[in-house]
Amino acid sequence: MAEKISFSIASPRGSHALSVTYERAGAGEPLLLLHGIGHHWQAWEPVMGILAAERDVIAVDLPGFGTSPALPHGVPYDLGTVSSMLGSLCEALEVERPHVAGNSLGGLFALELGRAKLVRSVTALSPAGFWSAGERRYAFGTLRAMRLGARAMPLPMIERLSRTAAGRAAMISTIYARPGRRSAEATVAETLALRDATGFHETLAAGLDVLFTDDVPDVPVTIAWGTQDRLLLRRQGIRAKHAIPGARLVRLPGCGHVPMNDDPALVARVILDGSR
């Protein structure tokens with residue numbers, strides 16, 4: 001059962017109290033899991049059991065997503081602030097330099113944690129930040145449309161659509177290559193998470209100027225991209241490899257933007273290999 005932890009973060013406006021929801025399972029070296037924009041920690045459920053067999057797994061609801069409250073008023077959702085917040089979270093959990101795996105927005109945060117030397121290794125699944133201007137406009141426009149669609153549908157409609165493979169495809173095929181594999185319950189929950197995400201607009205606004213161009217030296221980095229990613233096209237993985245030449249670039253055949261549900265065994269193996 002997910003828990004909440006409270007801790008303090010620092011910003012130019014002073015110290016602020018923050019509460020974050022997380023799920024923790026397993027034993028071994030710590031592994032922090034970070035979801036994408038509009039999602040919640042449950043995005044990692046398909047791989048949690050496999051990872052927990054070898055790692056102390058901590059899956060987090062980022063601030064303003066899932067059941068974690070938004071950042072305090074005036075605290076920005078930029079890379080530096082969120083990576084510092086995640087460092088404070090690890091201190092509160094008494095975890096020192098965990099491995100980290102992130103998807104999409106979470107992949108970008110994972111790379112920033114690696115650049116700041118706050119983690120032992122980084123696995124980034126379709127990380128944000130390696131787009132062209134046109135690709136960013138396309139991705140942000142698609143995310144806004146998904147959010148508007150989620151907010152426009154009443155709960156009975158969301159539940160009805162989620163019960164059929166065709167309905168799930170209509171709702172979530174943008175991020176999953178195999179939406180029929182996602183359960184009806186998970187589809188409803190993540191649609192509501194997108195609809196109710198209090199940090200959505202601030203996070204999207206903070207990403208307008210983000211371009212990850214720095215290397216991540218002295219930290220093992222794995223970058224993995226689904227061959228059927230429809231949100232962040234896989235050619236962005238080549239740019240990521242150019243920016244981080246020491247990274248291992250892995251292809252995820254048949255996987256979409258959120259690959260954990262499309263091929264749990266493959267994604268878990270990539271994460272565990274990257275954290276070895």
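This is a predicted model: local features need pLDDT of at least 70, side-chain atom pairs count only at pLDDT 80 or more; totals for chains, interfaces and linings use all residues.
Residues are numbered from 1 along each chain as its sequence is written, and side-chain values use heavy atoms, with hydrogens and water left out.

**R136, a charge without a partner**

- R136 sits in helix α4, residues 133-152; helices here are DSSP runs of H or I, at least four residues, numbered from the N terminus.
- R136 is buried but has no salt bridge, and D209, the nearest side chain of opposite charge, is 6.1 Å off. Buried means under 20% relative accessible area, exposed over 50%, and partly exposed in between, with a 1.4 Å probe and protein chains only. A salt bridge needs a side-chain nitrogen of Lys or Arg within 4 Å of a carboxyl oxygen of Asp or Glu. For charge, Lys and Arg count as positive and Asp and Glu as negative, with His and the chain ends not counted.
- A polar atom of the R136 side chain lies 3.1 Å from the backbone oxygen of L208.
- Setting aside neighbours within four places in sequence, R136 is in contact (heavy atoms within 4.5 Å) with W131, G207 and L208.

**Salt bridges**

- The whole structure has 10 salt bridges.
- R239 pairs with E135, with the closest N and O atoms 2.6 Å apart. This pair ties together distant parts of the chain, from R239 in helix α9 (residues 235-243) to E135 in helix α4, 104 residues apart.
- E135 counts as buried at 7% relative accessibility, whereas R239 is partly exposed at 31%.
- E112 and R115 form a salt bridge at 2.2 Å, N to O. Both belong to helix α3 (residues 105-115), three residues apart, or about one turn of the helix.
- E112 is buried at 12% relative accessibility, and R115 is partly exposed at 26%.
- E54, D273 and R276 join up in a salt-bridge network.

**The largest pocket**

- The largest pocket holds about 360 Å³ of space. Of its 23 lining residues, M146, M171, I172, I175 and L194 are the closest to its centre.
- Helix α4 gives the largest share of the lining, five residues.
- A pocket is an open set of points on a 1 Å grid over the protein atoms alone, where a 1.4 Å probe fits, with protein on both sides within 12 Å along at least five of seven lines; lining residues have an atom within 4 Å of a point. Its volume is the space filled by probe spheres set on the points, which are joined across faces, edges and corners.

Conventions
Helices (H or I, at least four residues) and strands (E, at least two) are DSSP runs, numbered from the N terminus. A polar contact is a pair of N or O atoms within 3.5 Å; within protein, one must be able to donate a hydrogen and the other to accept it, and residues adjacent in sequence count only if both atoms are side-chain atoms.
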